[in-house]
Amino acid sequence: MSDLASKLIDNLPKAELHLHIEGTLEPEMMLRLAKRNKISLPYKDVEDVRKAYEFDCLQDFLDLYYLGMSVLLTEQDFFDLTWAYLERVHQDGLTHVELFFDPQAHTDRGVSFETVLGGLTSALEQAQREMGISSKLIMCFLRHLPEEQAFDALECACKHKEHIFGVGLDSSEKGFPPPLFERVFAKAREEGFVPVAHLGEEGTAENVREGLDLLKVERVDHGNHALDDPALTQRLAEAQTPLTMCPISNWRLKGIPTLAHSPVKKAMDAGLLVTVNSDDPSYFGGYLNDNYRAVYEHLPLVEKDLVTLAQNSFKASFLSDQEKQIQLDAIDAIVEKHRHE
Ligand SMILES: Nc1ncnc2[nH]cnc12
Ligand SMILES: [Zn+2]
């Protein structure tokens, strides 16, 4: 990799828009919390955990993801988890994050919504104060669970609107299409939450279309299979509906055979507002900058494309126009600095 590319990746301000906080649970912390909370896991050490992280599809990963998060019980656990992620990505030049959390995966185990939210928000507020990282929280509905449980989660969220910006939809995409969640998304929008959803990760272009038409999503998480459909691709390009793509995740879940098959470049060439993100970095072995490096090394991208991806991360965010401009100006300043080195 060129020296300039490497410096740009390290130093450009960037936003992460597709990040599941539960997917940042590193094996070391998982084992530490298991001990602290007296939870038994089927792993004897860190190496054993990492060895288990071989996935053939999304569901393989989800099974271990839900198992791993069973060690999270107290507000302090959720704080520690979130703080560790923020400290890690601060080193990557991250200045803004819009992060997903899965409350149903915790309330189902008897952990209260407030315990989860309390730990997350204190870490996020501390990161704003001490590291200058801004953030928004997006609460995801688990699509493999019934609509009724999604409504329960929404009712909890309505009591904490000052801390929750949007709603999302994640978990198993196959067999759980958008129409199942049309009503809960309508209610969530009515309550003022901004809608996004995982669409076209393992599901088809039709899922993406239904997400736009029925759930009225403002951003598409993944969206890889939208590119199978030229009319849909054109629609996304014209509306500049952002796609939050996750190259290393796609590769590790066998959505693509190699990183060279990542659709990031194809989507950029089609005029889409594409962003690069890590999804579940601890499970897939790569944080934000690792994903930037992966696309730069495996796709025919040039240095300028790295700048475009960093700019896109803010353009696609839910920051105000004024906040976006501050970040875009900071990117210009870094580009200018490196041009003169
Ligand atoms: N990549 C992903 N797809 C669907 N649900 C998820 N939950 C956490 N990561 C996910
Ligand atoms: Zn995801």
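Guide: Start with handedness. A crossing is right-handed if the near helix is turned clockwise from the far one by less than a right angle, and left-handed if anticlockwise. Keep in mind that this is a predicted model. Here, α1 passes α15 in a right-handed crossing.

Visitor: At what angle do helix α1 and helix α15 pack?

Guide: Helix α1 spans residues 3-11 and helix α15 spans residues 288-298; they pack at about 150 degrees, with their axes 9 Å apart. Angles over 145 degrees count as roughly antiparallel. So α1 is roughly antiparallel to α15.

Visitor: Which residues of α1 and α15 meet?

Guide: From α1 come Ala5, Ile9 and Asp10. From α15 come Asn289, Tyr292, Arg293 and Tyr296. By class, this contact of α1 with α15 has four nonpolar, one polar and two charged residues.

Visitor: Let me try another pair. How do α16 and α17 pack?

Guide: Helix α16 covers residues 303-315, and helix α17 covers residues 321-339. Their angle is about 165 degrees, and their axes are 9 Å apart. That makes α16 roughly antiparallel to α17. The crossing of α16 and α17 is right-handed. On the α16 side, the contact is made by Val307, Ala310, Gln311, Phe314 and Lys315. On the α17 side, Lys324, Gln327, Leu328, Ile331 and Val335 take part. The contact of α16 with α17 divides into six nonpolar, two polar and two charged residues.

Visitor: How closely do the axes of α5 and α7 come?

Guide: The axes of helix α5 (residues 75-90) and helix α7 (residues 113-131) come within 7 Å. They cross at roughly 35 degrees. The crossing of α5 and α7 is right-handed. Residues of α5 in the contact include Phe78, Phe79, Trp83 and Leu86. Among those they meet in α7 are Gly118, Gly119, Leu124 and Met131. By class, the contact of α5 with α7 has 10 nonpolar, seven polar and two charged residues.

Visitor: Stay with α5. Is glutamate 87 buried, exposed or partly exposed?

Guide: Count neighbours. A residue is buried if 20 or more other C-beta atoms lie within 10 Å of its own, and exposed if 12 or fewer do. Glutamate 87 sits in helix α5. It is partly exposed, because 14 other C-beta atoms lie within 10 Å.

Visitor: Now the sides of a helix. Which residues of α9 are buried?

Guide: First, the general idea. An α-helix has 3.6 residues a turn, so residues three or four places apart point the same way. In helix α9 (residues 182-190), the buried residues are Val184, Phe185 and Ala188. They cover an arc of only 100 degrees around the axis, which puts them on the same side of α9.

Visitor: What do the buried residues of α9 pack against?

Guide: They pack against β3 (134-142), α8 (147-158), β4 (166-170), β5 (194-199) and α10 (205-215). After α9 comes glycine 192, whose phi is positive, near 100 degrees.

Visitor: How should I read a positive phi?

Guide: Most residues other than glycine have a negative phi. Lysine 38 has a positive phi of about 55 degrees, although it is not a glycine. Lysine 254 is not a glycine either, and has a positive phi of about 60 degrees.

Visitor: Where are lysine 38 and lysine 254?

Guide: Lysine 38 is in the loop between α2 and α3. With 8 other C-beta atoms within 10 Å, lysine 38 is exposed. Lysine 254 is in the loop between α12 (247-252) and α13 (264-269). Lysine 254 counts as partly exposed, with 14 C-beta neighbours inside 10 Å.

Visitor: One last case. Is glycine 200 buried or exposed?

Guide: Glycine 200 is buried, because 28 other C-beta atoms lie within 10 Å. It lies in the loop between β5 and α10. Now compare sequence with space. Glycine 200 and asparagine 224 are 24 residues apart in sequence, and their C-alpha atoms are 5.5 Å apart in space. Setting aside residues up to four places away in sequence, glycine 200 touches several residues, including Ala205, Val208, His222 and Asn224.

Notes
Residues are numbered from 1 along each chain as its sequence is written. Chains are lettered from A and ligands numbered from 1 in the order in which they are written. This is a predicted model: local features need pLDDT of at least 70, side-chain atom pairs count only at pLDDT 80 or more; totals for chains, interfaces and linings use all residues. Axes are lines fitted to C-alpha atoms, for helices over the stretch in contact, and angles run from 0 to 180 degrees between N-to-C directions. Helices (H or I, at least four residues) and strands (E, at least two) are DSSP runs, numbered from the N terminus. Angles under 35 degrees count as roughly parallel, over 145 as roughly antiparallel, 65 to 115 as roughly perpendicular and the rest as oblique. Two residues are in contact if their C-beta atoms, placed from the backbone, lie within 7 Å. Ala, Val, Leu, Ile, Met, Phe, Trp, Tyr, Cys and Pro count as nonpolar, Asp, Glu, Lys and Arg as charged, and the others, Gly among them, as polar. The arc is that of the directions from the helix axis to the C-beta atoms.
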